[in-house]
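The report that follows walks through a two-chain model, part by part. Please keep the sequence and the structure at hand while reading.

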Amino acid sequence: MKPFLKIIGILAVLAVIMAMSGAVYVVNETKQVVITQFGKPVGEPVVTAGLHFKMPFIQRAQYFEKRLLEWDGNPNQIPTKDKRYIWLDTTARWKITDALKFLQSVGTERGALGRLDDIINSATRDAITSHLLVETIRNTNRILDSTEKEKVVVFTEEALEKIDVGREVLAGMILAKAKVIAPQYGIELIDVRIKRLNYVEAVRKKVYERMIAERKRAAEQYRSEGQGKQAEIEGQTGKELKQITSEAYRKSQGIRGKADAETTRIYAEAYNKDPVFYSFLKTLETYKSTIDEKSTIILTTDSDYYRYLKSIKSVPGD
Amino acid sequence: MEWKDVRGPDDIINVGREKFGGSGKFFPLVIAAVALLIMMGGSIYSIGPDEAGIVQRFGRYIYTTPPGLHLKLPFGIDGVTPIKVKRVFKEEFGVRTLRAGVKTQYSKKQYHDESLMLTGDLNILDVRWIVQFKVKDAIKLLFKTRDPVDNVRDISEVVMRQLVGDYRVDEVLTTKREEINDLAQIKMQEILDYYETGIQVVTVKLQDVNPPDEVKPAFNEVNEAKQEKERMINQAWEAYNKAIPRARGEAEKVIREAEGYQLDKINRARGEAERFLDTWAEYKKVPEITQKRLYLETMMDVLPRAKEKYIIDPKQSSILPLLNIGQKGGSQQ
């Protein structure tokens with residue numbers, strides 16, 4: 001028991017001494033380390049996590065981030081190719097890939113962010129000023145297709161311009177340009193994105209005015225569409241009414257015509273058996289229906305009726 | 001008490017010895033026990049039910065521990081970071097919850113920097129949304145990016161603006177909300193995976209989407225106009241529905257009347273034809289007499305009705321030989 005305890009005790013004392021003197025240092029998974037001797041870097045940067053040794057007192061461990069880091073630019077006022085002033089806010093992701101070079105060229109993260117400001121802002125400015133406003137806002141031409149497919153009431157002429165690049169590709173162009181410069185600082189630029197984009201205050205007012213005008217136009221269009229549709233339905237109502245009544249008239253006339261034809265046939269068939277008798281009968285009938293209490297009858301003595309009358313008179317006379 | 005007798009350090013130890021049963025044998029053991037307790041205190045840790053423990057030895061990742069009580073090496077050799085892997089976190093954009101509850105209170109402050117964005121048709125919209133996310137890979141979360149939440153916020157803004165920039169203002173306001181939610185989730189996940197954040201986007205939901213206050217009245221006017229349009233169309237259809245069925249009925253009436261006319265005419269014709277044929281059949285048997293009878297019967301019927309009757313001799317050209325039967329009421333006899 002005793003020797004064992006002794007060994008442990010000695011080890012513990014040694015560990016404490018080493019820790020105190022700086023002979024050991026711990027590297028976290030998130031860090032990388034450059035060892036400097038009186039300010040001069042020694043050896044390759046340490047990138048594996050765990051316990052490491054160095055010379056105490058004379059060597060110093062300088063820690064750097066190994067993780068993905070952020071860069072958030074200040075919003076910039078940039079004109080587009082069509083002379084529209086916009087506020088543009090970009091964000092980027094970067095990594096320290098060469099801690100030694102990083103230490104030598106920029107020293108600290110703060111220094112690196114300053115360099116990134118320069119690189120990314122100028123790349124952004126180049127990309128934006130050489131493209132139209134719509135290219136910075138839209139990413140695809142989907143809006144053109146959807147506008148064509150649907151009946152769109154409100155639209156802005158310039159928004160319907162076809163784009164060739166789009167926001168994501170623009171961000172890619174900024175990244176590509178900035179990426180080339182970054183390695184000399186021991187940095188790898190992973191990504192650049194356009195975060196916020198807005199009109200500058202003065203333009204915004206104008207845009208609001210335009211939006212209001214567009215909406216008013218749309219409202220008018222809806223109203224007139226309503227009126228148009230109403231008139232159309234009224235017209236259709238009138239047309240259908242005419243159609244219904246005229247068709248009914250046509251049908252009824254047809255039926256009546258057939259009825260008349262049929263009756264004509266029936267009469268003709270019957271009366272044709274003896275036309276003379278028919279005209280006799282019909283004449284008598286006509287008398288019946290035409291002579292009334294207002295009529296005056298003038299009979300000649302030649303008429304059949306009078307013939308009998310004369311012969312009756314002559315009987316007592318002769 | 002005994003304190004009065006204490007004169008030096010030796011005495012204190014002696015007093016202590018007496019307290020511990022007057023035996024110095026156990027003293028090193030007590031020290032060892034205390035040391036052990038201190039060590040144990042630094043080496044026992046617990047992981048909550050919604051957590052995972054990431055254990056690092058001298059900064060180097062060694063293993064992940066599940067919920068429960070665990071041991072580790074003390075004195076800063078092993079370090080444990082508990083990560084809430086089951087919890088769903090929420091980030092808000094353009095709006096802040098002051099106090100969640102049955103009636104959630106939101107901050108009245110406007111976050112126009114976050115919420116104002118341009119739509120594909122160059123309009124400005126005030127878009128508010130939330131993102132829910134959880135940790136899907138605690139190791140990546142800890143070791144691959146420095147500020148996972150900042151990444152979520154930045155990327156969410158990037159993606160939402162990019163999407164809204166591809167839609168018309170009306171689509172974002174109404175019809176395409178769901179589509180934008182889904183696409184935003186997919187796109188965000190894509191970028192967050194590319195950054196190796198170890199974060200899983202659970203959902204992206206658009207909240208209030210409004211036109212800016214300055215243009216709101218104009219948008220309302222459009223909605224009113226739309227409703228007015230609907231109303232006008234409905235009114236027209238109402239009139240249509242009022243007129244057409246009635247006209248159909250009336251048309252039916254006209255046709256039925258014609259059919260009635262048809263039946264009437266034909267029946268009459270048939271009747272008259274039959275009557276004629278019957279009369280004719282009898283007439284044929286004795287034509288002379290029947291003809292005369294019919295003639296005279298008609299005269300009998302007709303003459304009394306007439307107001308005045310004159311009989312003229314055609315051989316006489318003057319008006320004198322005129323027999324005025326009516327004046328004497330001859331027919332009345």
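This is a predicted model: local features need pLDDT of at least 70, side-chain atom pairs count only at pLDDT 80 or more; totals for chains, interfaces and linings use all residues.

## Overall make-up of chain A

Of the 318 residues of chain A, 25% count as buried.

## The nonpolar core

The largest nonpolar core has 86 residues, and the members that touch the most other members are A:I120, A:I174 and A:A178. In soluble globular proteins, nonpolar side chains tend to be buried together.

The surroundings of A:I174 can be listed in detail: once its neighbours within four places in sequence are left aside, A:I174 is in contact with A:I120, A:A123, A:T124, A:A127 and A:V192. One of these partners, A:I120, is itself among the core residues that touch the most other members.

## A three-stranded sheet in chain A

Chain A has an open sheet of three strands in the order β3-β2-β5, with antiparallel pairing. Because β3 (40–46) and β5 (59–65) of chain A stand at the edges with a single partner strand each, one side of each is left without a neighbour in the sheet. On average, and with direction ignored, neighbouring strands of this sheet are turned by 25° against each other.

Strand β2 of chain A, residues 31–37, pairs with β3(A) in the antiparallel sense over four bridges. In β3(A), A:P41 is the bridge partner of A:T36. Strands of a sheet pair through backbone hydrogen bonds, either parallel or antiparallel.

## A three-stranded sheet in chain B

In chain B, an open sheet of three strands has the order β3-β2-β5, and its pairing is antiparallel. The edge strands are β3 (60–65) and β5 (78–84) of chain B, each of which pairs on one side only. Neighbouring strands of this sheet are turned by 25° against each other on average, direction ignored.

Strand β2 of chain B, residues 51–57, and β3(B) pair in the antiparallel sense over five bridges. In β3(B), the residue B:T65 is the bridge partner of B:G53.

## Helix α7 of chain B

Helix α7 of chain B covers residues 177–194, and its 18 residues reach 26 Å from the first C-alpha to the last, close to the 26 Å expected at 1.5 Å a residue. After α7(B) comes B:E196, whose phi is positive, near 55°.

The buried residues of α7(B) are B:I180, B:A184, B:Q185, B:K187, B:M188 and B:L192. These buried residues pack against α5 (148–164), α6 (169–175) and β11 (199–210) of chain B.

## Where the two chains meet

Between the chains, 97 residues of chain A are in contact with 86 residues of chain B. Helix α7 of chain A, residues 201–271, supplies the largest share of the side of chain A that touches chain B, namely 39 residues. By residue class, the side of chain A that touches chain B divides into 43 nonpolar, 19 polar and 35 charged residues.

Strand pairing also links the chains: strand β10 (residues 296–300) of chain A and strand β12 (residues 308–312) of chain B run parallel and are joined by five bridges. Within this pairing, A:I298 stands opposite B:Y310 in β12(B).

How values were computed
Residues are numbered from 1 along each chain as its sequence is written. Chains are lettered from A and ligands numbered from 1 in the order in which they are written. A nonpolar core is a set of buried Ala, Val, Leu, Ile, Met, Phe, Trp, Tyr and Cys residues joined through C-beta atoms within 7 Å. A residue is buried if 20 or more other C-beta atoms lie within 10 Å of its own, exposed if 12 or fewer, and partly exposed in between; C-beta atoms are placed from the backbone. Two residues are in contact if their C-beta atoms, placed from the backbone, lie within 7 Å. Helices (H or I, at least four residues) and strands (E, at least two) are DSSP runs, numbered from the N terminus. The expected span of a helix is 1.5 Å times one less than its number of residues. Two strands pair if DSSP finds at least two bridges between them. Axes are lines fitted to C-alpha atoms, for helices over the stretch in contact, and angles run from 0 to 180 degrees between N-to-C directions. Ala, Val, Leu, Ile, Met, Phe, Trp, Tyr, Cys and Pro count as nonpolar, Asp, Glu, Lys and Arg as charged, and the others, Gly among them, as polar.
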